[in-house]
Amino acid sequence: MFKNTEGNGFIMERAIKINNLTKLYKDVIAVDNLNLEIYEGELFSLLGVNGAGKTTTIKMLATLTRPTNGDAAIFDYSILKDEDKIKEVIDISMQETAIARKLTVEENIVFYAKLSGQTDEEIIASKEKICKSFELDKVLKKQASKLSGGWQRKLSIALALISNPKILFLDEPTLGLDVLARRELWKTINELKGKMTIILTTHYMEEAEALSDRIGIMKDGKLLFVGTKEELFLKTNKENVEDAFIEIVSGGAL
Amino acid sequence: MKKSLSRTIILTKRNFKEILRDPLSLVFTLGMPLFMEILFYFIFHNLTSQFEMKYLAPGIVVFAESFLSLFVGLLIALDRSTSFLTRLYVSKAKPYEFIFSYALSIVPIVIIQSLLFFLVGGIIDSSIFGIGMILAILISIIPSLFYIGIGILLGTICNEKSIGGISSIVIAGQSVLSGMWFPIEGLNEGIVALMDALPFRNATRLVQNIMNGINDSFQDFILPLIIVLAYTVVSFVVAIILFRRKMVSK
């Protein structure tokens, strides 16, 4: 157990501890000396403009990209040394839809369940649970490539939950979706809150406002702010996340 | 070990379904070569020995295998472009499990290709039926591994837009440098030396020679076998190295 150092007094289990995490691409600093703690069960949103370092941060935490410097512990496993252990407790849904296109929705679910090592009974249970949570029953026999963009994204996120991850990375989960599909996904993500730790990156300020327990704002690879919405509003003297975000990243120039 | 095998089989089944459900892959790997086998036989077999069925059928089998590089490559390039593979990298599957699954998923198509082109060839010219044909069907798996290795390599480094153009160089290489469509006797020595050093002609000769009988076991069988195997091993090793690099970008 760790004390939540953000100071709200709750005792929470720490899920992720990031220490001086840095990523350089040639001479470009994608992530610059990042230090952050994320707690079990919280939904943490990383906000930032393009190139802020959000996706690189997620990729490093998910062991998809090696950091240039620093380390991060996921439930005390190092992203540098304990890749296999970390892969047991995480899953990811990338910006682009990540599904097997020519397989049906059902075949996609069974494929991922089998790949995560589930038994036949567990696969049936996973399928039922996922179908219920994401209302996939109506498209179960449809080929994934023939689904609408919204349904494909929904399936893509659903697949990330099959392995029952303790930590779920959602990289721009609603990018390119229409407003209805986005709201539907918000509902689904809201239902996941508290059941696992979710780290979400987004460009949509209203998304971060609606879903997050805490928010981190990044610019040029640096973390400029970490805290709750209320703390963000207090710090910037603004009343919504978008205005507060602009205040932080522009340094009050806009 | 057991878990690794199980994951490879799961990935293989998925890859096989994806390929099978792409009608274009079946047209190019089965339909078009079959049409060429029949057409070229009936037009040219009386004009040049090149197109007698005992040479044409094994030649067509290897030619059709060259299309596999396109379809394996396209599958991998598409998996990469949609982040499908990135997601799978977060599973416990290892680079070699991905590589073997892509390779294994193609093997049933290789066997179907061989059986189809030899059987149709045999129906047209029954003299090719025999133990040589059975041996040729078995040995034709070796050149297919070369093309699968090249396909995996190209799929790892190319995107889904460039893979078609680049793999068509491999297909053209097999077509032009295999010597199956024209007699090589009159060609420049340097060109022939190049053809002998590359895998394309060796792949065709390997299957043709095993089908029609071997006079000099080293020249007719061992040497082409070594050359094709060497290119196959190199293409797989490079593919695994590059695939591993793509899995965890530095």
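Predicted model: local features only at pLDDT ≥ 70, side-chain atom pairs only at ≥ 80, totals over all residues.
Biologist: How far apart are the end C-alpha atoms of α4(A)?
Modeller: They are 21 Å apart. The expected span is 1.5 Å times one less than the number of residues.

Biologist: Which residues of α4(A) are buried?
Modeller: A:I123, A:S126, A:I130, A:C131 and A:F134. Buried means under 20% relative accessible area, exposed over 50%, and partly exposed in between (1.4 Å probe, protein chains only).

Biologist: Where do they sit around the axis of α4(A)?
Modeller: They cover an arc of only 125°, so they are on the same side of α4(A). The arc is that of the directions from the helix axis to the C-beta atoms.

Biologist: And what is on the face turned away from that side?
Modeller: The exposed residues A:E121, A:I124, A:E128 and A:K132.

Biologist: What do the buried residues of α4(A) pack against?
Modeller: Against α3 (105-115), α5 (149-161) and α6 (179-192), in chain A. Contact means heavy atoms within 4.5 Å.

Biologist: Changing topic. How do β3(A) and β4(A) pair?
Modeller: In the antiparallel sense, over 8 bridges, with β3 at residues 14-25 and β4 at residues 28-39. Two strands pair if DSSP finds at least two bridges between them.

Biologist: Which residue of β4(A) is opposite A:L24?
Modeller: A:I29. The hairpin has 2 residues between the strands, and A:K26 takes a positive phi near 55° in it.

Biologist: On to rings. How many aromatic pairs are there over all chains?
Modeller: The structure holds 20. One of them is B:F40 with B:F44, which is tilted, at 5.7 Å centre to centre and 40° between the planes. Rings of Phe, Tyr and Trp (its six-membered ring) pair if their centres lie within 6.5 Å; planes under 30 degrees apart count as stacked, over 60 as edge-to-face and the rest as tilted.

Biologist: Where do B:F40 and B:F44 lie?
Modeller: Both are in helix α2 (residues 23-44) of chain B, 4 residues apart, about one turn of the helix. B:F40 counts as partly exposed because its relative accessibility is 22%. B:F44 is partly exposed as well, at 28%.

Biologist: Which residues are in the cluster linked by ring pairs?
Modeller: B:F28, B:F40, B:F44, B:F51, B:F63, B:F67, B:F71 and B:W181.

Biologist: Which ring has the charged end of A:K154 over it?
Modeller: The ring of A:W151, with the charged end 4.5 Å from its centre. A charge sits over a ring if NZ of Lys or CZ of Arg is within 6 Å of the ring centre and within 35 degrees of the ring normal. The charged end of A:K166 sits over the ring of A:F75, 5.5 Å from its centre.

Biologist: Last one. Is B:Q113 buried or exposed?
Modeller: B:Q113 is buried, with a relative accessible area of 0%. B:Q113 lies in helix α5 (residues 95-124) of chain B. Leaving out residues up to four places away in sequence, B:Q113 touches B:T29, B:L30, B:A64, B:E65 and B:L68.

Terms used
Residues numbered from 1 in each chain as written. Chains lettered and ligands numbered in written order. Heavy atoms only, no water.
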